[in-house]
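Here is a short report on a ligand and the spaces inside a protein. Keep the structure in view as you read.

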Amino acid sequence: MNLIQPMPATVYTQPAETDSVRRPRRLRISPALRRMVRETTLSSADFIYPLFVRHGRGERRPIASMPGQFQLSVDQLAAEADQVLELGIPAVILFGIPAEKDWCGSDNFSPHGVVPEAIRVLKAAAPELTVISDMCFCEYTDHGHCGLINTHGADDYSAGLPEGYLLNDPSLELLGRASVVHAEAGADVIAPSAMLDHMVAAVRRALDEASLQHVAILSYAAKYASSFYGPFRDAAESPPSFGDRSQYQMDPANRREALKEVALDVDEGADMIMVKPALPYLDVLAAVRQQFNLPTAAYHVSGEYAMLHAAAANGWLDLRKCALESLTSIKRAGADMILTYFAKDAARWLDGGQ
Ligand code: PBG
(Lines give C-alpha, C1' and ligand atoms only; values in the text may rest on other atoms or scores of the structure.)
Protein backbone atom coordinates (compact mmCIF):
# COMPACT_ATOMS: atom_id res chain seq x y z
CA MET A 1 0.00 0.00 0.00
CA ASN A 2 1.22 3.48 -0.79
CA LEU A 3 1.08 5.28 2.56
CA ILE A 4 0.94 8.77 1.15
CA GLN A 5 -2.21 8.15 -0.82
CA PRO A 6 -5.14 10.14 0.60
CA MET A 7 -7.34 7.93 2.72
CA PRO A 8 -11.08 7.86 2.34
CA ALA A 9 -12.72 10.18 4.88
CA THR A 10 -14.47 7.30 6.62
CA VAL A 11 -11.13 5.86 7.79
CA TYR A 12 -10.04 8.84 9.88
CA THR A 13 -13.25 10.41 10.99
CA GLN A 14 -13.41 9.75 14.74
CA PRO A 15 -16.45 9.66 16.94
CA ALA A 16 -16.15 12.75 19.19
CA GLU A 17 -16.03 10.89 22.50
CA THR A 18 -12.77 9.09 21.66
CA ASP A 19 -10.65 11.88 20.36
CA SER A 20 -9.17 14.04 23.06
CA VAL A 21 -8.58 12.75 26.57
CA ARG A 22 -6.91 9.35 26.41
CA ARG A 23 -4.04 9.63 23.99
CA PRO A 24 -1.00 7.97 25.58
CA ARG A 25 0.93 8.38 22.33
CA ARG A 26 1.41 12.08 23.14
CA LEU A 27 4.16 11.10 25.55
CA ARG A 28 5.93 8.91 23.01
CA ILE A 29 6.35 11.48 20.29
CA SER A 30 10.04 12.28 20.73
CA PRO A 31 13.11 10.63 22.25
CA ALA A 32 13.35 13.46 24.79
CA LEU A 33 9.77 13.03 25.98
CA ARG A 34 10.13 9.26 26.12
CA ARG A 35 13.24 9.71 28.21
CA MET A 36 11.45 12.11 30.60
CA VAL A 37 8.66 9.65 31.35
CA ARG A 38 10.83 6.52 31.44
CA GLU A 39 10.14 4.56 34.62
CA THR A 40 13.15 2.25 34.64
CA THR A 41 16.72 3.25 33.93
CA LEU A 42 19.47 0.70 33.69
CA SER A 43 22.92 1.59 34.96
CA SER A 44 26.25 -0.21 35.26
CA ALA A 45 25.80 0.07 39.05
CA ASP A 46 23.00 -2.51 38.75
CA PHE A 47 25.29 -5.26 37.52
CA ILE A 48 27.25 -8.08 39.14
CA TYR A 49 29.71 -9.76 36.77
CA PRO A 50 30.29 -13.53 37.09
CA LEU A 51 33.88 -14.77 36.72
CA PHE A 52 35.10 -18.35 36.23
CA VAL A 53 38.50 -18.87 37.79
CA ARG A 54 41.03 -21.67 37.54
CA HIS A 55 44.57 -22.39 38.67
CA GLY A 56 47.49 -21.83 36.32
CA ARG A 57 49.09 -18.89 34.58
CA GLY A 58 48.31 -16.93 31.45
CA GLU A 59 45.06 -18.79 30.78
CA ARG A 60 42.04 -17.24 29.09
CA ARG A 61 40.02 -20.23 27.91
CA PRO A 62 37.00 -19.27 25.85
CA ILE A 63 33.73 -20.92 26.94
CA ALA A 64 32.20 -22.30 23.74
CA SER A 65 28.54 -21.98 24.72
CA MET A 66 29.01 -18.48 26.19
CA PRO A 67 30.63 -16.27 23.53
CA GLY A 68 32.84 -13.57 25.06
CA GLN A 69 33.16 -15.37 28.43
CA PHE A 70 36.33 -17.09 29.62
CA GLN A 71 37.77 -19.33 32.28
CA LEU A 72 40.54 -17.14 33.67
CA SER A 73 43.63 -18.16 35.56
CA VAL A 74 44.13 -16.33 38.83
CA ASP A 75 46.92 -14.11 37.44
CA GLN A 76 44.46 -12.62 34.92
CA LEU A 77 42.15 -11.28 37.61
CA ALA A 78 43.86 -8.01 38.51
CA ALA A 79 43.46 -6.74 34.93
CA GLU A 80 39.88 -7.98 34.86
CA ALA A 81 39.10 -6.17 38.12
CA ASP A 82 40.46 -2.90 36.71
CA GLN A 83 38.27 -3.26 33.65
CA VAL A 84 35.14 -4.04 35.67
CA LEU A 85 35.66 -1.05 37.98
CA GLU A 86 36.49 1.21 35.07
CA LEU A 87 33.10 0.34 33.58
CA GLY A 88 31.34 1.31 36.81
CA ILE A 89 30.37 -2.25 37.77
CA PRO A 90 30.55 -2.55 41.56
CA ALA A 91 30.84 -6.30 42.06
CA VAL A 92 31.92 -9.67 40.73
CA ILE A 93 30.80 -13.15 41.75
CA LEU A 94 33.31 -15.98 41.60
CA PHE A 95 32.96 -19.57 40.42
CA GLY A 96 35.93 -21.89 40.79
CA ILE A 97 37.22 -24.72 38.64
CA PRO A 98 39.44 -26.72 41.00
CA ALA A 99 42.55 -28.65 39.89
CA GLU A 100 41.01 -31.78 41.38
CA LYS A 101 37.53 -32.80 42.42
CA ASP A 102 36.79 -35.27 45.21
CA TRP A 103 33.87 -36.76 47.12
CA CYS A 104 33.58 -33.83 49.54
CA GLY A 105 34.71 -30.90 47.37
CA SER A 106 37.75 -30.15 49.53
CA ASP A 107 39.12 -27.45 47.19
CA ASN A 108 36.20 -25.27 48.31
CA PHE A 109 37.31 -25.17 51.95
CA SER A 110 41.06 -25.29 51.41
CA PRO A 111 42.71 -21.89 52.08
CA HIS A 112 44.69 -22.57 48.88
CA GLY A 113 41.64 -23.54 46.89
CA VAL A 114 41.11 -21.73 43.61
CA VAL A 115 38.47 -19.29 44.87
CA PRO A 116 40.28 -18.23 48.07
CA GLU A 117 43.39 -17.60 45.93
CA ALA A 118 41.30 -15.59 43.47
CA ILE A 119 39.70 -13.54 46.26
CA ARG A 120 43.11 -12.58 47.68
CA VAL A 121 44.35 -11.47 44.24
CA LEU A 122 41.21 -9.44 43.54
CA LYS A 123 41.12 -7.72 46.93
CA ALA A 124 44.83 -6.86 46.71
CA ALA A 125 44.43 -5.44 43.19
CA ALA A 126 41.12 -3.65 43.69
CA PRO A 127 40.10 -3.27 47.33
CA GLU A 128 37.05 -1.21 46.36
CA LEU A 129 35.61 -3.99 44.17
CA THR A 130 32.93 -5.99 45.99
CA VAL A 131 33.83 -9.66 45.80
CA ILE A 132 30.97 -12.12 46.16
CA SER A 133 31.74 -15.77 46.57
CA ASP A 134 29.27 -18.30 45.18
CA MET A 135 28.98 -20.88 47.93
CA CYS A 136 28.16 -24.33 46.61
CA PHE A 137 29.89 -27.67 46.18
CA CYS A 138 28.86 -28.75 42.69
CA GLU A 139 31.99 -27.37 41.04
CA TYR A 140 34.22 -29.18 43.55
CA THR A 141 32.71 -32.64 44.02
CA ASP A 142 33.54 -35.54 41.70
CA HIS A 143 29.82 -36.42 41.47
CA GLY A 144 28.84 -32.81 40.65
CA HIS A 145 26.13 -32.50 43.31
CA CYS A 146 25.92 -29.55 45.67
CA GLY A 147 27.10 -31.27 48.87
CA LEU A 148 27.70 -34.75 50.33
CA ILE A 149 25.96 -37.70 48.73
CA ASN A 150 24.56 -40.69 50.61
CA THR A 151 26.58 -43.73 49.57
CA HIS A 152 25.12 -46.09 52.21
CA GLY A 153 28.24 -45.85 54.29
CA ALA A 154 28.35 -46.64 57.97
CA ASP A 155 27.22 -43.15 59.00
CA ASP A 156 24.23 -42.84 61.31
CA TYR A 157 22.66 -39.99 59.37
CA SER A 158 22.44 -41.89 56.11
CA ALA A 159 20.37 -44.74 57.53
CA GLY A 160 17.01 -44.89 55.82
CA LEU A 161 17.83 -42.36 53.12
CA PRO A 162 18.01 -43.46 49.50
CA GLU A 163 21.37 -44.00 47.88
CA GLY A 164 22.45 -40.92 45.95
CA TYR A 165 20.45 -38.58 48.21
CA LEU A 166 22.06 -35.18 48.84
CA LEU A 167 22.70 -35.20 52.60
CA ASN A 168 21.43 -31.94 54.01
CA ASP A 169 22.82 -31.34 57.48
CA PRO A 170 26.29 -32.85 56.99
CA SER A 171 26.66 -30.66 53.89
CA LEU A 172 25.75 -27.58 55.94
CA GLU A 173 28.85 -28.03 58.06
CA LEU A 174 31.00 -27.96 54.95
CA LEU A 175 29.20 -24.90 53.58
CA GLY A 176 29.88 -23.10 56.87
CA ARG A 177 33.53 -24.13 56.83
CA ALA A 178 34.09 -23.02 53.23
CA SER A 179 32.29 -19.71 53.88
CA VAL A 180 34.73 -18.91 56.68
CA VAL A 181 37.71 -19.75 54.44
CA HIS A 182 36.39 -17.50 51.65
CA ALA A 183 35.55 -14.68 54.05
CA GLU A 184 38.97 -14.90 55.69
CA ALA A 185 40.50 -14.63 52.21
CA GLY A 186 38.61 -11.33 51.88
CA ALA A 187 35.21 -12.07 50.33
CA ASP A 188 32.78 -9.25 51.10
CA VAL A 189 29.66 -11.32 50.51
CA ILE A 190 28.95 -15.05 50.69
CA ALA A 191 26.26 -16.27 48.31
CA PRO A 192 25.02 -19.74 49.29
CA SER A 193 23.52 -21.38 46.20
CA ALA A 194 23.07 -25.02 47.16
CA MET A 195 19.32 -24.86 47.94
CA LEU A 196 19.92 -26.87 51.11
CA ASP A 197 17.49 -26.39 53.98
CA HIS A 198 18.95 -24.05 56.65
CA MET A 199 21.95 -23.09 54.52
CA VAL A 200 21.68 -19.40 55.39
CA ALA A 201 21.53 -20.11 59.13
CA ALA A 202 24.53 -22.42 58.86
CA VAL A 203 26.61 -19.87 56.94
CA ARG A 204 25.61 -17.04 59.32
CA ARG A 205 26.46 -19.10 62.40
CA ALA A 206 29.83 -20.20 61.01
CA LEU A 207 30.77 -16.64 60.02
CA ASP A 208 29.73 -15.21 63.38
CA GLU A 209 31.65 -17.85 65.32
CA ALA A 210 34.75 -16.87 63.34
CA SER A 211 34.26 -13.16 64.18
CA LEU A 212 33.13 -12.41 60.63
CA GLN A 213 29.91 -10.64 61.59
CA HIS A 214 30.61 -7.95 59.01
CA VAL A 215 30.44 -10.33 56.06
CA ALA A 216 27.04 -10.22 54.30
CA ILE A 217 24.95 -13.07 52.90
CA LEU A 218 23.27 -12.96 49.50
CA SER A 219 21.07 -16.04 49.43
CA TYR A 220 20.08 -17.79 46.23
CA ALA A 221 16.73 -18.06 48.00
CA ALA A 222 14.48 -19.05 45.11
CA LYS A 223 16.66 -21.06 42.77
CA TYR A 224 14.84 -23.28 40.32
CA ALA A 225 15.88 -26.65 38.88
CA SER A 226 16.26 -24.96 35.51
CA SER A 227 17.50 -26.30 32.20
CA PHE A 228 18.73 -22.79 31.42
CA TYR A 229 21.88 -23.54 33.46
CA GLY A 230 23.20 -25.81 30.68
CA PRO A 231 26.03 -23.58 29.40
CA PHE A 232 27.15 -22.75 32.96
CA ARG A 233 27.73 -26.41 33.65
CA ASP A 234 30.11 -26.49 30.68
CA ALA A 235 31.76 -23.31 31.89
CA ALA A 236 32.20 -24.51 35.48
CA GLU A 237 32.69 -28.15 34.47
CA SER A 238 30.01 -29.08 36.99
CA PRO A 239 27.25 -31.24 35.50
CA PRO A 240 25.94 -33.86 37.94
CA SER A 241 27.36 -37.30 37.12
CA PHE A 242 24.01 -38.94 37.92
CA GLY A 243 20.46 -37.70 38.33
CA ASP A 244 19.61 -34.02 38.36
CA ARG A 245 19.12 -31.31 40.96
CA SER A 246 15.35 -31.49 41.34
CA GLN A 247 15.51 -32.96 44.85
CA TYR A 248 16.95 -29.70 46.12
CA GLN A 249 16.36 -26.93 43.55
CA MET A 250 12.79 -25.72 43.10
CA ASP A 251 10.16 -27.00 40.71
CA PRO A 252 9.75 -24.43 37.88
CA ALA A 253 5.99 -24.75 38.25
CA ASN A 254 5.89 -23.21 41.75
CA ARG A 255 5.53 -19.59 42.76
CA ARG A 256 4.00 -19.71 46.26
CA GLU A 257 6.80 -22.02 47.30
CA ALA A 258 9.33 -19.35 46.31
CA LEU A 259 7.77 -16.99 48.84
CA LYS A 260 8.10 -19.67 51.51
CA GLU A 261 11.76 -20.28 50.59
CA VAL A 262 12.54 -16.56 50.72
CA ALA A 263 10.74 -16.13 54.06
CA LEU A 264 12.85 -18.92 55.60
CA ASP A 265 16.08 -17.36 54.34
CA VAL A 266 15.08 -13.92 55.61
CA ASP A 267 14.39 -15.45 59.04
CA GLU A 268 17.74 -17.22 58.96
CA GLY A 269 19.58 -13.94 58.43
CA ALA A 270 19.95 -13.35 54.69
CA ASP A 271 20.96 -9.73 53.99
CA MET A 272 19.99 -9.94 50.32
CA ILE A 273 17.92 -12.42 48.36
CA MET A 274 18.00 -13.73 44.82
CA VAL A 275 15.63 -15.21 42.26
CA LYS A 276 17.18 -17.41 39.58
CA PRO A 277 16.84 -17.65 36.55
CA ALA A 278 15.53 -14.20 35.66
CA LEU A 279 13.42 -13.75 32.52
CA PRO A 280 11.37 -16.96 32.73
CA TYR A 281 10.67 -16.16 36.43
CA LEU A 282 9.79 -12.45 36.35
CA ASP A 283 6.45 -13.19 38.06
CA VAL A 284 8.36 -14.75 40.95
CA LEU A 285 10.77 -11.81 41.08
CA ALA A 286 7.90 -9.32 41.17
CA ALA A 287 6.13 -11.24 43.94
CA VAL A 288 9.32 -11.46 46.02
CA ARG A 289 10.02 -7.76 45.53
CA GLN A 290 6.53 -6.90 46.71
CA GLN A 291 6.53 -9.12 49.77
CA PHE A 292 10.04 -8.64 51.18
CA ASN A 293 11.94 -5.58 52.14
CA LEU A 294 15.46 -6.73 51.34
CA PRO A 295 17.70 -5.87 48.40
CA THR A 296 16.75 -8.35 45.70
CA ALA A 297 18.93 -9.77 42.97
CA ALA A 298 18.02 -11.67 39.82
CA TYR A 299 20.39 -13.99 37.97
CA HIS A 300 20.20 -13.64 34.19
CA VAL A 301 21.68 -17.10 33.71
CA SER A 302 23.97 -18.73 31.19
CA GLY A 303 21.17 -20.15 29.00
CA GLU A 304 19.51 -16.74 28.76
CA TYR A 305 22.85 -15.31 27.61
CA ALA A 306 23.55 -18.17 25.20
CA MET A 307 20.09 -17.93 23.57
CA LEU A 308 20.54 -14.29 22.70
CA HIS A 309 24.03 -14.89 21.32
CA ALA A 310 22.89 -17.85 19.24
CA ALA A 311 19.99 -15.91 17.75
CA ALA A 312 22.20 -12.89 17.08
CA ALA A 313 24.86 -15.05 15.43
CA ASN A 314 22.17 -16.24 13.02
CA GLY A 315 21.15 -12.69 12.29
CA TRP A 316 17.74 -13.28 13.87
CA LEU A 317 17.98 -10.81 16.77
CA ASP A 318 19.87 -7.61 17.50
CA LEU A 319 22.13 -8.61 20.40
CA ARG A 320 22.58 -5.18 21.91
CA LYS A 321 18.93 -4.22 21.81
CA CYS A 322 17.63 -7.56 23.00
CA ALA A 323 20.17 -7.76 25.83
CA LEU A 324 19.35 -4.25 27.06
CA GLU A 325 15.60 -4.95 26.76
CA SER A 326 16.02 -8.15 28.78
CA LEU A 327 18.02 -6.41 31.51
CA THR A 328 15.58 -3.48 31.64
CA SER A 329 12.69 -5.91 32.01
CA ILE A 330 14.43 -7.69 34.88
CA LYS A 331 14.95 -4.37 36.64
CA ARG A 332 11.35 -3.28 35.93
CA ALA A 333 10.08 -6.51 37.51
CA GLY A 334 11.87 -5.56 40.73
CA ALA A 335 15.55 -6.45 40.66
CA ASP A 336 17.89 -4.11 42.55
CA MET A 337 20.88 -6.06 41.23
CA ILE A 338 21.33 -8.22 38.14
CA LEU A 339 23.93 -10.95 37.87
CA THR A 340 24.69 -11.05 34.17
CA TYR A 341 27.34 -12.16 31.70
CA PHE A 342 26.33 -9.07 29.72
CA ALA A 343 27.57 -6.77 32.53
CA LYS A 344 30.64 -5.45 30.73
CA ASP A 345 28.99 -5.20 27.31
CA ALA A 346 25.88 -3.57 28.73
CA ALA A 347 27.96 -1.05 30.68
CA ARG A 348 29.70 -0.10 27.41
CA TRP A 349 26.44 0.06 25.49
CA LEU A 350 24.80 2.25 28.13
CA ASP A 351 27.77 4.55 27.86
CA GLY A 352 27.15 4.88 24.12
CA GLY A 353 29.82 2.41 23.01
CA GLN A 354 29.56 -0.58 20.68
C1 PBG B 1 25.73 -23.53 41.56
C2 PBG B 1 25.36 -22.54 40.51
C3 PBG B 1 24.84 -22.79 39.25
C4 PBG B 1 24.68 -21.55 38.63
C5 PBG B 1 25.14 -20.59 39.51
N6 PBG B 1 25.52 -21.23 40.68
C7 PBG B 1 24.56 -24.06 38.54
C8 PBG B 1 23.59 -25.01 39.04
O9 PBG B 1 22.89 -24.82 40.03
O10 PBG B 1 23.52 -26.06 38.40
C11 PBG B 1 24.14 -21.33 37.26
C12 PBG B 1 24.39 -20.01 36.67
C13 PBG B 1 24.13 -19.89 35.23
O14 PBG B 1 23.54 -20.78 34.57
O15 PBG B 1 24.52 -18.86 34.67
N16 PBG B 1 27.04 -23.35 42.01
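A polar contact is a pair of N or O atoms within 3.5 Å; within protein, one must be able to donate a hydrogen and the other to accept it, and residues adjacent in sequence count only if both atoms are side-chain atoms. This is a predicted model, where local features need pLDDT of at least 70, side-chain atom pairs count only at pLDDT 80 or more, and totals for chains, interfaces and linings use all residues. Residues are numbered from 1 along each chain as its sequence is written, and side-chain values use heavy atoms, with hydrogens and water left out.

**The ligand**

| Residue | Ligand atom | Distance |
|---|---|---|
| E139 | nitrogen | 2.9 Å |
| K223 | oxygen | 2.8 Å |
| S302 | oxygen | 2.7 Å |

On its own, the ligand has 400 Å² of accessible area, and the protein covers 100% of it. Such areas come from the Shrake-Rupley method with a 1.4 Å probe; for residues, only the protein chains shown count as cover.

Where is the ligand? It sits in the largest cavity. That wording requires more than half of its atoms to lie within 2 Å of the cavity's grid points. Strand β9 (216-223) and helix α7 (230-235) each give two or more residues to the shell around the ligand. Helices (H or I, at least four residues) and strands (E, at least two) are DSSP runs, numbered from the N terminus.

The ligand has 18 residues around it, and K223, R233, K276, S302 and Y341 come nearest. To be near, a residue needs a heavy atom within 4 Å. By class, this shell has 9 nonpolar, 3 polar and 6 charged residues. Ala, Val, Leu, Ile, Met, Phe, Trp, Tyr, Cys and Pro count as nonpolar, Asp, Glu, Lys and Arg as charged, and the others, Gly among them, as polar.

**Cavity and pocket**

Both are found on a 1 Å grid over the protein atoms alone. In a cavity, a 1.4 Å probe fits but cannot get out; a pocket is an open set with protein on both sides within 12 Å along at least five of seven lines. Lining residues have an atom within 4 Å of a point.

The largest cavity has a volume of about 140 Å³. Its lining has 18 residues, and K223, Y229, F232, R233 and K276 are the closest to its centre. The largest pocket has a volume of about 260 Å³. A volume is the space filled by probe spheres set on the points, which are joined across faces, edges and corners. Helix α11 (residues 319-332) gives the largest share of the pocket lining, 4 residues.

**Backbone**

Most peptide bonds are trans. K276 and P277 are joined by a cis peptide bond, with omega about -10°. P277 is in the loop between β10 (272-276) and α9 (282-291).
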